[in-house]
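Subject: Handover of a structure, with notes

Dear colleague,

Please find below the structure that I am passing on to you. I would be grateful if you kept it open while reading the notes under it.

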Amino acid sequence: MAVRFLLQRSTRGLLFSSRSVPVFSSPFLCRAHRLGPSDDEMYQRTTVSIMKTEANNGILIHSYSPMGFNIDGHRVFGPCAVIPPAILQWNVGSSEDITEDSISLFHMLEPPIEILVLGTGSRVERINPLVLALLKRKRIALEVQDTPNACATFNFLNSERRVVAAGLIPPSYSRALEVKQDESGDSK
């Protein structure tokens, strides 16, 4: 005669029992859990309301050149300030012209921007420490990059729905790929 031993709970711990009990009635061998009606009343249903069905990607910078930028099909010549939804001419010529006055339009916005992306031309340039201190006081994060990378960073942050603005200086014309000719007409 085979005897089954099942574990049963007691106030003193676990006991061995030789009773013949159906296997599925044991609480230790049951895998399913079912919510009782009283448990169901504790949970609230979640609802979602969609206010706008079309996704608005905001402003995207499509291309740049030494002349300016193509921003959402608009050609902008020279340095520009991109403050969604506006595109403004920015009165700077180089990174040395980025002063407390020239960035004042970025920190006077309402709602305030979180991140300012500065594109300083063909290469990363140092920014005036007074400008850095002003942006820190205004709680605006600053990302300084060369203009090609600044355009990509702006597009990425804008697509993530971050409150971002950009100050962009067009990159200078590169002569790295030009074919040079000497006076005799030979190519070098």
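Confidence

Please bear in mind that this is a predicted model. The mean pLDDT of the chain is 76, and 62% of its residues reach 70 or more. Two stretches call for caution. Over residues 1–8 the pLDDT stays under 50, and the model has 23 contacts beyond four places in sequence for them. Residues 46–54 also have a pLDDT that stays under 50, but for this stretch the model has 0 contacts beyond four places in sequence. Where pLDDT is low, the predicted coordinates should not be read in detail.

The sheet

Strands of a sheet pair through backbone hydrogen bonds, either parallel or antiparallel. Here, an open sheet is formed by 3 strands in the order β3-β4-β5, and their pairing is antiparallel. Why is one side of β3 and of β5 left without a neighbour in the sheet? β3 (61–64) and β5 (74–77) stand at the edges and have a single partner strand each, so one side of each remains without a neighbour. From one strand to the next, the twist averages 20°.

The pairing of β4 (residues 68–71) with β5 is antiparallel and runs over 4 bridges. In this pairing, F69 has V76 in β5 as its bridge partner. Helix α4 (residues 147–159) packs on the sheet, where it touches β3 and β4. The direction of α4 makes about 175° with that of β3.

In soluble globular proteins, nonpolar side chains tend to be buried together. The largest nonpolar core of this model has 17 residues, and those that touch the most other members are W90, I98, I103, F106 and L116. At least two residues of this core come from each of β6 (80–83), β8 (115–120), α3 (129–137) and β10 (164–169). Which of these elements gives the most to the core? It is α3, with 3 residues.

Apart from its neighbours within four places in sequence, I98 is in contact with W90, V92, I103, L118, I127, N128, V131 and I169. There is also a second, separate core of 16 residues, which includes I61, V82, V164 and L168.

Backbone positions to look at

The bond from P84 to P85 is cis, with omega near 10°, and P85 lies in the loop between β6 and β7 (86–89). E110 and P111 are likewise joined by a cis peptide bond, with omega about 0°. P111 is placed in the loop between α2 (104–107) and β8.

D72 is not a glycine, yet its phi is positive, at about 50°. Is D72 buried, partly exposed or exposed? Its relative accessible area is 34%, so D72 is partly exposed.

R139, also a residue other than glycine, has a positive phi near 60°. R139 is found in the loop between α3 and β9 (141–145). Its relative accessibility is 75%, and R139 therefore counts as exposed.

With kind regards

Conventions. Residues are numbered from 1 along each chain as its sequence is written. This is a predicted model: local features need pLDDT of at least 70, side-chain atom pairs count only at pLDDT 80 or more; totals for chains, interfaces and linings use all residues. Side-chain values use heavy atoms; hydrogens and water are left out. Two strands pair if DSSP finds at least two bridges between them. Axes are lines fitted to C-alpha atoms, for helices over the stretch in contact, and angles run from 0 to 180 degrees between N-to-C directions. Contact means heavy atoms within 4.5 Å. A nonpolar core is a set of buried Ala, Val, Leu, Ile, Met, Phe, Trp, Tyr and Cys residues joined through side-chain atoms within 4.5 Å. Buried means under 20% relative accessible area, exposed over 50%, partly exposed in between (1.4 Å probe, protein chains only). pLDDT is the predictor's confidence in each residue, from 0 to 100.
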